[in-house]
Amino acid sequence: SGRFTGNGFLTIPSSSLLTLMGTSSFTGTTVLQQGELRMDGIHSNSPIRLDGGTLTGRRYVGPVNGNLGGTVWPGIGGPEYNSALHTRNINFNSTTTFRPVLTSSSPDFEGHKLQVAGTVNLGGSALLIDVYNNFKPTNTATWIIIQNDGNDPIVGTFPGLPEGATVIGEGWLFRVSYT
């Protein structure tokens, strides 16, 4: 929960949960191999390399790069922890899964999203939509699951989901837009 500094590699090899809190000035690469890395602090100077496991949280991280697999699951738990995961560039690939959680019919409330201040490259990553508990989406609501800062266009798509395609999330039908 304290501050850590330096360079090099921070590797998370086990299948347990590691929560990083506080403000870090660590500039080396954080490698997530297994388990869950929960970002509950500011870790924005270190690029995160996904070799497996799950990156979750509600604070600030550096660029996120898909490598050998892994899941990005913004937020923590249910709506009581409603907050976005803020990143710099994201560069996913076909081994990466993006797993947003919808918790409310009010799109303004929805915070389980990825807020990106930089480039967004979906790279053929998989999209897995979670619908929290007994929440029932309405037909006319819109949710932003990746909030791009607008300075760079979104590159790539989720496989089989071109602009306007539909995807099923826990029995609910959603339409995808990259704009």
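Rings of Phe, Tyr and Trp (its six-membered ring) count as a pair if their centres lie within 6.5 Å; planes under 30 degrees apart are stacked, over 60 edge-to-face, and the rest tilted. By this rule there are 4 aromatic pairs here. The model is predicted, so to speak of local features pLDDT must be at least 70, and side-chain atom pairs count only at pLDDT 80 or more, while totals for chains, interfaces and linings use all residues. Residues are numbered from 1 along each chain as its sequence is written, and side-chain values use heavy atoms, with hydrogens and water left out.

**Aromatic rings**

- The rings of Trp143 and Phe174 have centres 5.9 Å apart and planes at 80°, so this pair is edge-to-face.
- Trp143 sits in the loop between β15 (130-131) and β16 (146-148) and Phe174 in strand β19, so the pair ties together parts that are 31 residues apart in sequence. (Strands are DSSP runs of E, at least two residues, numbered from the N terminus.)
- Both Trp143 and Phe174 are buried, meaning under 20% relative accessible area with a 1.4 Å probe, protein chains only.
- Phe158 and Tyr178 make a tilted pair, 6.1 Å centre to centre with 35° between the planes.
- Phe92, Phe98, Phe158 and Tyr178 form one aromatic cluster.

**The nonpolar core**

- A nonpolar core is a set of buried Ala, Val, Leu, Ile, Met, Phe, Trp, Tyr and Cys residues joined through side-chain atoms within 4.5 Å.
- The largest one has 34 residues, and those with the most contacts inside it include Leu55, Phe98 and Leu114.
- β4 (36-43), β5 (48-57), β7 (64-74) and β12 each supply at least two residues of this core, with the largest share, 3 residues, coming from β5.
- Leaving out residues up to four places away in sequence, Phe98 touches Val72, Phe92, Leu114 and Phe158, among others; contact means heavy atoms within 4.5 Å.

**Lys113**

- You'll find Lys113 in the loop between β11 (101-102) and β12 (114-116).
- At 13% relative accessibility, Lys113 counts as buried.
- A polar contact of 3.4 Å links the side chains of Lys113 and Gln147. (That's a pair of N or O atoms within 3.5 Å; within protein, one must be able to donate a hydrogen and the other to accept it, and residues adjacent in sequence count only if both atoms are side-chain atoms.)

- Strands β18 (residues 166-169) and β19 (residues 172-175) run antiparallel, joined by 4 bridges; strands pair if DSSP finds at least two bridges between them.
- Gly169 stands opposite Trp172 in β19.
- The hairpin has 2 residues between its strands, and Glu170 in the turn has a positive phi of about 50°.

How values were computed: Buried < 20%, exposed > 50% of the residue type's maximum accessible area, 1.4 Å probe, protein only.
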